[in-house]
Amino acid sequence: MIKKWSMSYPAVNGTEQRRVYVYLPTMYEAQPERRFPVLYMFDGQNVFFNEDATYGKSWGVADYLDYTDTPLIVAAIECNAGANNERLVEYSPYRFDDPTYGHFDGKGQATMSWFIHRFKPLIDQNFRTLPDRANTFIGGSSMGGLMSLYALLQYNDTYSRAAALSPSIWVAPDKLSGLVGRAKLAPGTVLYMDYGSREMGNHEGIRRQFSALSGKLMTRGIHLTSRIVPGGTHSEASWEKQLPFVFHTLLYEVEE
């Protein structure tokens, strides 16, 4: 079951209405006393419905979770669809320059403040969640993958597990590496992170950066699942194929 509505969001160009999606697991209504972990996701328009997806193809998350009877709530909100690449501003923790698109003032910290102080309380108040850190996860792809990685590191007191698919680690790699080194991480922090083999050529040195980042994350004691996806591309169709790996990692040894 997916509930869908719109709510006000303080976007970079002023307050606007954003579509919100909340997936409820198959046993939600049949077990009215039960509470569930929550996965928060970026780019909500691409998570569930092909007709809402930016490029006409979603991740198909609801179909997978229904098929596997996974006891998990998924809460997602659509990204900034501004014509001037405002999504890159909203989904970057850092200022950066892109040779094609220009300069971007990263507002990722403000984005995460809204997720933690507005979005999470809303979900916890209206659905039967397990609101504690151990049962609060975050995930996304591309710039949403970067934000998921950033959230796990910077806000580890809120998120215990994350999934970062094809994360845009080319954005301010030195600042990201510094965050990995100084982040205050609780024991048992879990991360799934991957990159498609066929997208490695999109940014110079990305294989080296991905390898170095994986190594540094492991030295911090993070329980890391790091993959190069054979034939993987930078697309929703490819990310959909990774769902078994993603959810196996996020829910492994999570107490029901």
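Some ground rules before you start: residues count from 1 along each chain as its sequence is written, and side-chain values use heavy atoms, without hydrogens or water. Because the model is predicted, local features need pLDDT of at least 70 and side-chain atom pairs pLDDT 80 or more, while totals for chains, interfaces and linings use all residues.

**Exercise 1.** Work out which strands stand at the edges of the open sheet.

*Solution.* 
1. Write down the strand order: β1-β2-β4-β3-β7-β8-β9-β10, eight strands with mixed pairing. Strands are DSSP runs of E, at least two residues, and helices are runs of H or I, at least four, numbered from the N terminus. Two strands pair if DSSP finds at least two bridges between them.
2. Look for strands with a single partner: those are β1 (2-11) and β10 (223-229), so one side of each has no neighbour in the sheet.
3. Now zoom in on one pair: β8 (residues 161-165) and β9 (residues 190-196) run parallel, joined by five bridges. There, A164 sits opposite M193 of β9.

**Exercise 2.** Find out whether K120 is buried or exposed, and what it touches.

*Solution.* 
1. Locate K120: it's in helix α3 (residues 108-126).
2. Check its accessibility: K120 comes out at 11%, so it counts as buried (under 20% relative accessible area, with exposed over 50% and partly exposed in between; 1.4 Å probe, protein chains only).
3. List its contacts (heavy atoms within 4.5 Å): beyond neighbours within four places in sequence, K120 meets Y40, F115, P131, T136 and T158.
4. Follow the side chain of K120: it reaches the backbone oxygen of P131 at 2.8 Å.

Terms used:
Polar contact = N/O pair within 3.5 Å; in protein donor to acceptor, adjacent residues only side chain to side chain.
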